[in-house]
Amino acid sequence: MDGTPKLAGIYQILQTPFSEQGDIDWGGFARQIDFCLAVGVHGLVVPALASEFFTLSDAERRAVVEFAAGETAGRIPLVAGVQGLTLRSAQEFAEHAAECGVTALMAMPPYLRKASKPAIHDYYRQLAQYDRPLIIQNAPAPIGSPLSPRELCELLALENGIQYIKEETVPILQHISEIIALDGGHCQGVFGGANGIYLLDELQRGACGNMPAGGFVDLQVKIYDLYRAGDIAEAERMHFLLLPLLNYAMVYGVSLHKFVLWRRGALTSPFARDPQKLSLNADDIQAVEKLWRRIADITAVDYPFL
């Protein structure tokens, strides 16, 4: 892992595109990746929670990693989600992802039957053996097994390969500050999540970036780049314009993300497999359309809200 570039910036979590019949739409997958590359994302992630990884078969999970690796062809960092129900399952996903040439691995702890603290330590020790950075995804319950900032820092100290945190447990901002304060020099960076709703506050508290999931990534790249360039006022202006739509994303999740990407031409269908998805109704769509008009002039011109 020596010489591996530091991971930082806006790392878009790719949606898994489906046809209206529920099959993976590989053409839509390619268009989504093209959209992300065109708007300047700093990295990509697949498959993660926002990718509906829990609805994919093991073969489909491997296939989406292979496809993303082939489409990106090393042009941009690619993070593979390798979480498993057991250590052995996660190791199989990690080995396959490493063979595909991904840049880094990311994993939640076992997410169905919760593991003990020693088992979680062993889980991350073993996943750190694939010669690429490992990101601990600290996702909230009920799917995640929330770890405290101190527990996360203990994990970072276990192996050199455990290098990053994706912090998503409430209160996210306080936890980012605590991780950075407690870290003994092992953490290479903390990413935020939650659709990027706290992006500027996360950066101000020392985060290295964010992993959002929706069709607003072009704006979030601009906000991040403006912040890093020192134009805080313009970054704040754009972020505040985007916040109402991010509030919708916090409620509707994958349904909102896929709807926006579909309306922007990056997906051919907004179909989601998630059995607990909350679908948009006509009033929701009207509200999203109204909010989009407020930000239309600062989005990517090649991907309008059709």
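This is a predicted model: local features need pLDDT of at least 70, side-chain atom pairs count only at pLDDT 80 or more; totals for chains, interfaces and linings use all residues.
Helix α3 spans residues 87–99 and helix α4 spans residues 117–127. The axes of these two helices come within 10 Å and cross at roughly 20°. Angles under 35 degrees count as roughly parallel, and α3 and α4 are therefore roughly parallel to each other. Their crossing is right-handed. On the α3 side, the contact involves L87, A90, Q91 and A94, which meet D122, Y123, Q126 and L127 of α4. By class, the residues of this contact comprise five nonpolar, two polar and one charged.

The largest pocket has a volume of about 1000 Å³. Its lining is made up of 37 residues, of which L49, A50, P140, I143 and G253 are the closest to the pocket centre. Among the contributing elements, α9 provides the largest share, with four residues. In terms of residue class, 25 residues of the lining are nonpolar, seven are polar and five are charged.

Note on methods. Residues are numbered from 1 along each chain as its sequence is written. Side-chain values use heavy atoms; hydrogens and water are left out. Axes are lines fitted to C-alpha atoms, for helices over the stretch in contact, and angles run from 0 to 180 degrees between N-to-C directions. Angles under 35 degrees count as roughly parallel, over 145 as roughly antiparallel, 65 to 115 as roughly perpendicular and the rest as oblique. A crossing is left-handed if the near helix is turned anticlockwise from the far one by less than a right angle, and right-handed if clockwise. Contact means heavy atoms within 4.5 Å. Ala, Val, Leu, Ile, Met, Phe, Trp, Tyr, Cys and Pro count as nonpolar, Asp, Glu, Lys and Arg as charged, and the others, Gly among them, as polar. On a 1 Å grid over the protein atoms alone, a cavity is a set of points where a 1.4 Å probe fits but cannot get out, and a pocket is an open set with protein on both sides within 12 Å along at least five of seven lines; lining residues have an atom within 4 Å of a point. Grid points are joined across faces, edges and corners, and a volume is the space filled by probe spheres set on the points.
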